[in-house]
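The following note sets out points for a colleague's reading of the model. Please keep the sequence and the structure in view while going through them.

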Amino acid sequence: MTARAGRLGIGIIGAGKVGPVLGAALAGAGHAITGISAVSEESRDRAEAMLPAVPVLDIPSIVERSELVILAVPDTELESLVAGLAATSTWQAGQLVVHTAAGFGTSVLAPAQALGAIPLAIHPAMDFTGTSIDIARLAESWFAVTAPAPVQPIGQALVVEMGGEPVLIAEADRAAYAEAIDIATAFSRSIVAQATGILAGIGVENAGGFLSSLVRSSVDNALQEGGRTPLDETAFDRDDDDTLPPGTIGG
């Protein structure tokens with residue numbers, strides 16, 4: 001089985017900055033989006049903007065209707081969500097289950113796998129805005145893929161369909177991978193905030209724009225010196241704002 005063998009019905013749990021963008025990218029590759037969960041007004045607006053024809057559904061309905069389920073929820077909610085859906089036997093045998101958390105491999109999906117689901121951990125190393133701008137940026141990004149060996153090609157194919165470049169990360173290395181992502185994110189934001197603050201303090205208008213070329217070229221040079229391919233975006237916003245509603249499965 002490969003992701004390219006046919007079009008999949010894809011459900012998205014979480015309408016923060018990441019889920020709708022990945023859904024739009026996969027829809028652009030020809031897959032059908034069966035539904036998306038959205039709690040807050042902001043997340044509903046985002047879902048409508050990115051996936052205008054996709055119905056907003058409750059979580060069990062999304063899982064029941066989908067051949068592939070993307071779990072784009074905050075890291076702190078992932079484990080309880082997966083376990084809660086397993087407790088109600090909602091997961092289906094042969095169903096692909098993908099989460100987007102940097103720090104977890106596929107072990108967090110064990111309850112779903114026990115019911116016959118196929119686990120995949122796919123993390124895009126990108127700082128998301130939650131808008132259509134991100135679609136083009138996906139083509140410049142690398143994705144960490146962790147999966148059992150027989151289904152690694154499925155994860156890799158999904159990444160390619162979204163326009164990205166897949167890199168296999170071992171289950172045991174996910175914590176180190178997440179640490180690297182966190183360091184890059186925190187350091188980049190802290191340095192830029194400090195520098196723009198100083199410039200604004202001396203009267204420079206649009207300090208962010210003033211520094212944009214410098215920051216991008218400096219980062220590209222640093223990545224080249226580190227033996228990496230330069231990318232415009234290297235950090236990922238893990239603070240997904242679409243939390244699960246109180247009292248729901250996994251909430």
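1. A patch is made of residues with over 30% relative accessible area and no salt bridge; like charges are joined within 9 Å, and nonpolar side chains (Val, Leu, Ile, Met, Phe, Trp, Tyr) within 5 Å. Accessible areas come from the Shrake-Rupley method with a 1.4 Å probe, and for residues only the protein chains shown count as cover. On the surface, Ile-183, Phe-187 and Ile-191 form such a nonpolar patch, and together they have about 320 Å² of accessible area.

2. This is a predicted model, in which local features need pLDDT of at least 70 and side-chain atom pairs count only at pLDDT 80 or more, while totals for chains, interfaces and linings use all residues. Residues are numbered from 1 along each chain as its sequence is written, and side-chain values use heavy atoms, with hydrogens and water left out.

3. The protein has nine helices and seven strands; helices (H or I, at least four residues) and strands (E, at least two) are DSSP runs numbered from the N terminus.

4. Of the 251 residues in the protein, 47% are buried. The accessible surface comes to about 11300 Å², and carbon and sulfur atoms hold 57% of that area.

5. Three salt bridges are found in a search of the whole structure, a salt bridge being a side-chain nitrogen of Lys or Arg within 4 Å of a carboxyl oxygen of Asp or Glu. One of them pairs Arg-7 with Glu-161, with the closest N and O atoms 3.4 Å apart. Arg-7 lies in the segment before β1 (9–13) and Glu-161 in helix α7 (residues 152–161), so this pair ties together parts that are 154 residues apart in sequence. Arg-7 is partly exposed at 41%, whereas Glu-161 is buried at 12% relative accessibility.

6. Arg-46 forms a salt bridge with Glu-42, at 3.2 Å between the closest N and O atoms. Both are in helix α2 (residues 41–50), four residues apart, which means a separation of about one helical turn. Arg-46 is buried, with a relative accessible area of 9%.

7. Arg-189 and Asp-127 meet through their side chains in a salt bridge (2.9 Å, N to O). Because Arg-189 lies in helix α8 and Asp-127 in the loop between β5 (118–124) and α6 (133–138), the pair ties together parts 62 residues apart in sequence.

Terms used: Buried means under 20% relative accessible area, exposed over 50%, partly exposed in between (1.4 Å probe, protein chains only).
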